[in-house]
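Me: I should like to learn how to read a predicted model, one feature at a time. May we begin with the backbone of a loop?

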Amino acid sequence: MQPKYTLWIFSLLLATTCSAALADNLYLACHAGVSLAAADVRDMFLGEKQFLNTIRLVPVDNVAAQPAFLEKVLKMNAIKYSTTWAKKSFRDGVNPPAAMANDAAVLDFIRRTPGGCGYFASEPLDGVTVIDKY
Amino acid sequence: MKRTTDKLVALQFLAVVLPIAVVLLVQMAADARRAAGLEHSRPLRLLAYEARANYKTFTNGAADAVDTGTLGAQSVEALHTTAARLAELAARGETAVVGDAAVVVRSLTATLSKGATLNDLMPMRARIIEGDKLTKAVDDEFERQDEFVVKDAIASAILQKRAVSGALVITAILTVVFVLATRRRIKARLEADIAKERERRAELETISIRFGVATRAARAGVYELKRDGLDLWWSDTMHELYAQSPQEFRPTMASWLALIHPDDREAAQSAITGAMREQSQLRSQYRVVRPDGSVCHIASLAAVAMDSVDAGPRLVGIDLDITDRVEAEERERKLQQQLRDASRQAGMAEIATNVLHNIGNVLNSVNISASLVTDRVKKPRAAGLGKAVALLQQHAADLGAFVTTDERGKHLPAYLAQLTEHLMLDQRVALEELESLRKSIDHIKEIVAMQQSYSKLVGVPERLAIAALIDDALRMNIGAFTRHGVGVKCDFEEVPEIVVEKHKVLQILINLLRNAKYACETSGRMDKQVVVRVANHAQGVQISIADNGIGIKPEHMTRMFTHGFTTKKDGHGFGLHSGALAARDLGGALRVDSAGPGFGATFTLELPLKSPETVYG
């Protein structure tokens, strides 16, 4: 592995660890009307499930809550998450979830984007559908 | 019927062939169109597929590079292959489809090379993903196009299959329809043929029965002779005709000839062999001696039939029992001979009657003339002359004084003169009667000669004046007319002389005058009169003798000239009959007119200017 990527992965791992330590709760919510099963959340974020019925699912990462999410939901570290998506994007031509800075950015995106899904460190406001709470 | 069936079969053939031919042509055109479409789309799809597959090899290699850290040579080569395939697609005119993909892939090939690291790849991830989408889109597009062509081909094939099925169904329906129609017609024809055959057989049977009945009734036998007389067939009636049992008698040429009368056998055999040899009709007659000894007369009629060259000629004929006919002919011959004899005798009697009648007529005149002459001779004129001569002898000495002084002597010269006058009158009358007598005798002689000439059918026509002939006839009858107070009036036109047999005409006229005198005499009227007229006629002259006598009943008019018919008490019915025959012989005619009883009658004799020569040979 290249040193540049090692550093990037290490930083991401650190941030995740720190965030997880800080966050007590984690909420996963989607655009209003998207009734995603909690069991499909992992597949959606690893690019395995891209559609719910006719709705294209658009997951986004919340940089602030990502360490907790990777730990609680995907059960993997940031490096694994990154390499998985690197392979996935090369092999299947699928882009990894866009990275949003915080809950507000994620909430704004989900509200605007049909099929949009994201996770929050705090309970999101109205206008989205909470899928699960971790 | 056969022609209709042939037409139906032809139509049936067309009904089967035409739909199939049309469908085959359409199928061939569709196949060609599908083949052309597939030939175009399939290579493009293969190129797109290869481009896509190689790109996926490349992306898999890129994914593997996440673990290995470097991009493998195979992946790079796959990327170049992708670029090459896309370039080839673009070269085939598919730039619109492959343009963006080709650009992206070409840019990747320019950046990435063998041994490229993950650090080289990651910055290119977006472009790689874009290339993945674009190459997939290219592959999908050509797959879609190819599928469209394939689906079109499949749809066309299905349509074609339906068309074939439809054509086959139509063909089957038409076949069934035509088969049913043909079958019905053939069935009808067969039924008609069978019915006709039955009728023909029934008719044949009827004909056979009729033929059998007819031949049996006609006592006719049928035979057929084949193979130059070696093979002979007889019908049952033939056996009956020859009185031979069909079970015992086997007809052969030899056995047949053995049944024929020996005197006729050779002629019969000759007739048969001749007909067979010359293939001509056979007509022969012979006698057959039956087992009981009776003789049967057979008439054989046959003809040669030639069915085929191989079979040879056949003599098919019929034998008729003509015994009755032959015997009848024999009886008829004898009867005719008897009739001829009787006719000859009757003719002789008729001739004798005719002669006697005509001579009788003339003999009347002869008797009258002879009576007149006798009367004249019997008159005492010679006695007076003798007395005068005696007186003169007594007074021979004083003859002068006696004549001048004696009272008787003075009357003697006047007496002698008167006596001389009477004697001369007697002489003249006697001479006239003698002349009439001579003519009558001459006529009798002619009658006899004429009757003799009848037998020879010759006569002596001569040119004569009708008026003179009528005068002769009147003179021969004048005595009778005078005695019975019948006046005679003549009314003669100027007519030419005619050439005719004199005594035949004279005979007719005498007969007619005598009949007229009789009719007047029988009527009892005072003004008895006969008018004799001579006039020109279209083809000659006509002589009519009209009387005002008793006339003729209408019902007798048609019988007047019939032999034996007469209204006279002592008549024979011969005169008018012979007169009519004589007139016909002369080329003329004799007819009668009468207004009825009490109104007299008119007999008219028409004569040509010249009698037919044929009558006189």
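Me: Where in chain B does B:Ala243 lie?

Reply: This is a predicted model. B:Ala243 sits in the loop that runs between helix 6 (236–241) and helix 7 (253–259) of chain B. Its phi is near 55 degrees, a positive value in a residue other than glycine.

Me: Is B:Ala243 buried, exposed or partly exposed?

Reply: The class follows from a count of neighbours: 20 or more within 10 Å make a residue buried, 12 or fewer make it exposed, and anything in between is partly exposed. B:Ala243 has 15 C-beta neighbours inside 10 Å and therefore counts as partly exposed.

Me: Which loop of chain A holds A:Asn53, and what is its phi?

Reply: A:Asn53 belongs to the loop between strand 2 (51–52) and strand 3 (55–56) of chain A. Its phi is positive, about 55 degrees, although A:Asn53 is not a glycine. A:Asn53 counts as exposed because it has 7 C-beta neighbours inside 10 Å.

Me: How do helix 2 and helix 3 of chain B pack, and at what angle?

Reply: An angle over 145 degrees counts as roughly antiparallel. Helix 2 (residues 73–91) and helix 3 (residues 95–111) of chain B pack at about 150 degrees, their axes 9 Å apart. The two helices are therefore roughly antiparallel to each other, and their crossing is left-handed. Helix 2 of chain B contributes residues including B:Leu79, B:Leu86 and B:Leu89, while those from helix 3 of chain B include B:Val98, B:Val105 and B:Leu108. By class, this contact has eleven nonpolar, five polar and one charged residues.

Me: How many residues does each chain bring to the contact between chains A and B?

Reply: The size of an interface is often given as the accessible area lost when the parts come together. Here one may count residues instead: twelve come from chain A and 14 from chain B. On the side of chain A, helix 1 (3–22) and helix 4 (78–92) each supply at least two residues. The largest share, six residues, comes from helix 4 of chain A. This side of chain A divides into four nonpolar, five polar and three charged residues.

Me: Where in chain A is confidence lowest, and where is it highest?

Reply: Where pLDDT is low, the predicted coordinates should not be read in detail. The mean pLDDT of chain A is 83, and 83% of its residues reach 70 or more. Confidence is lowest in helix 1 of chain A, at a mean of 48, and highest in strand 4 (residues 58–62) of chain A, at 94. Over residues 14–23 of chain A, pLDDT stays under 50, and the model has 19 contacts beyond four places in sequence for that stretch.

Notes: Residues numbered from 1 in each chain as written. Chains lettered and ligands numbered in written order. Predicted model: local features only at pLDDT ≥ 70, side-chain atom pairs only at ≥ 80, totals over all residues. Contact = placed C-beta atoms within 7 Å. Helix = DSSP H or I, 4+ residues; strand = E, 2+ residues; numbered from the N terminus. Nonpolar A, V, L, I, M, F, W, Y, C, P; charged D, E, K, R; others polar. pLDDT = per-residue confidence, 0-100. Axes fitted to C-alpha atoms, helices over the stretch in contact; angles between N-to-C directions. Parallel < 35°, antiparallel > 145°, perpendicular 65-115°, else oblique. Left-handed = near helix turned anticlockwise from the far one by under 90°.
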